Amino acid sequence: MFFALIAAIPAARYAAKVSPTVAMAGRNIKIKRRNRKTKKIRNYEALYALLNLKRNRGRTAITILSLVMSITVFIALQSFSSLLDASSAMPDHLGDYSVVNEYGGISSGELAALEADKNVFAVAAEQFSLYDLDEQYLPIGIETSITLGIGECLQIVGLNDCWIEDAFAQRLAPEQMEQLKAGEGCVIRNPIPMQVGEEQIGTTQIEAGTNIAVAGKEFPVLLSLNGYDTYFSVGNNGFTNGIQVLVSDRLYPQLTGIETYAELRPILSSDADRSAFDKVLESLSQRIPGSTVLSYEQADRQKAESFEQIRLLAWGLILFVAIIGLLNIINTVYTNIHTRIAEIGMHRAIGMSAEGIYSVFLWEGAYYGLFAALIGSIAGYICTIFVEAAKTDTIQLAAVPIIPIAEATFLAICACLLATCIPLWKITKLSIVDSIEAVE
């Protein structure tokens, strides 16, 4: 009701300014013509339709604006929907399943049983231990030569050969890979420097080529990583700032005294029976209390289904706004026919065919679609720039969404032509004589 009142105010203000005398005396139209050059009219219907749009510029602008909104929403949502796609934002995961037990751990016998399963191609395994610092910033429960900073911790991560191959095959030379697998070296992931106010904390940095000592054993650092690069955690525990010492599962028990695994990542063979393997994992979780099993295939499917629901919701919004614009066009064409009854009759009397009259109104619909597509494409591209800025935190020119713009232009013109055709049936019922007599 509020918006209906707001929409009625301009017309009410216009009507209030018309005096009763002028209203009863009829319309006294003053035609103003600009000096124009004489040109050959190649398409009278197209020219006449363009002139008709200029009769009431305010109504034309509102009609086009209602369609511009739907085109802008269409183009903007094409870019914005990619930010809502969680499946595309997630990194590639290792394995088809994740079996996690952070309490008692999973024994090497269970790992060997999974590797022997006929449905399994390989199993990646991870061991994980986290050591907090005491008041002297020394890790509690383990000795090390690494000097740690405020807000950091020491994390020892053990990986089997399968996981090492996946994580470091492209980063280490073959001889370094063999050295890492044999437990004669390590990979270091340095902590991220943190700043609280003006004080910087967490500045431990260990470079490749140096030697470190952990639990009385000394070994070289084969590779040094920084930032979030190749961060390891168990399951979905997230990020804990600290220095990570990545070693082979052959060396891990010697450093920590723990032989069990915190996480297993089974990789199924191409012809695997998922239903049968699901039962194997269900039996494993029942044997080992505290175990949780996650199917990446099921998780990916749920993410895809969730994104599909978001996409359908976006299309519903687009169609809803588009219908508003199309109804506005239908209303405008109905109004044009009603106010031009005498004019249409005059054109028919001097020889214009019904097809010519149809062509005039169809050209008007096409102009609505073209102008709306032009303005909506510009507005949609501006929205795309801001969407990209939300992704990159920098406002800069983005790639022009050519395909969404082309789709929006085509759909807008077709929809306008269709919306224009609906009121044209009224023209077929108009009598030439009655239309002309309506003037008197």
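Visitor: In which sense do strand β3 and strand β9 pair, and over how many bridges?

Guide: Strands of a sheet pair through backbone hydrogen bonds, either parallel or antiparallel. Here, strand β3 (residues 154-159) and strand β9 (residues 243-248) pair in the parallel sense over six bridges, and Leu154 has Ile243 in β9 as its bridge partner. Two strands count as paired if DSSP finds at least two bridges between them, while strands (E, at least two residues) and helices (H or I, at least four) are DSSP runs numbered from the N terminus. This is a predicted model, in which local features need pLDDT of at least 70 and side-chain atom pairs count only at pLDDT 80 or more, whereas totals for chains, interfaces and linings use all residues. Residues are numbered from 1 along each chain as its sequence is written, and side-chain values use heavy atoms, with hydrogens and water left out.

Visitor: In what order do the nine strands of the open sheet lie?

Guide: The order is β7-β8-β4-β9-β3-β2-β10-β1-β11, with mixed pairing. Because β7 (211-214) and β11 (292-295) stand at the edges with a single partner strand each, one side of each is left without a neighbour in the sheet.

Visitor: Which strands does helix α6 touch?

Guide: Contact means heavy atoms within 4.5 Å, and by that rule helix α6 (residues 108-116) packs on the sheet against β2 (120-131) and β10 (263-268).

Visitor: Is Cys186 buried or exposed?

Guide: Buried means under 20% relative accessible area, exposed over 50%, and partly exposed in between (1.4 Å probe, protein chains only). Cys186, at 0% relative accessibility, therefore counts as buried, whereas Cys162, at 22%, counts as partly exposed.

Key
Axes are lines fitted to C-alpha atoms, for helices over the stretch in contact, and angles run from 0 to 180 degrees between N-to-C directions.
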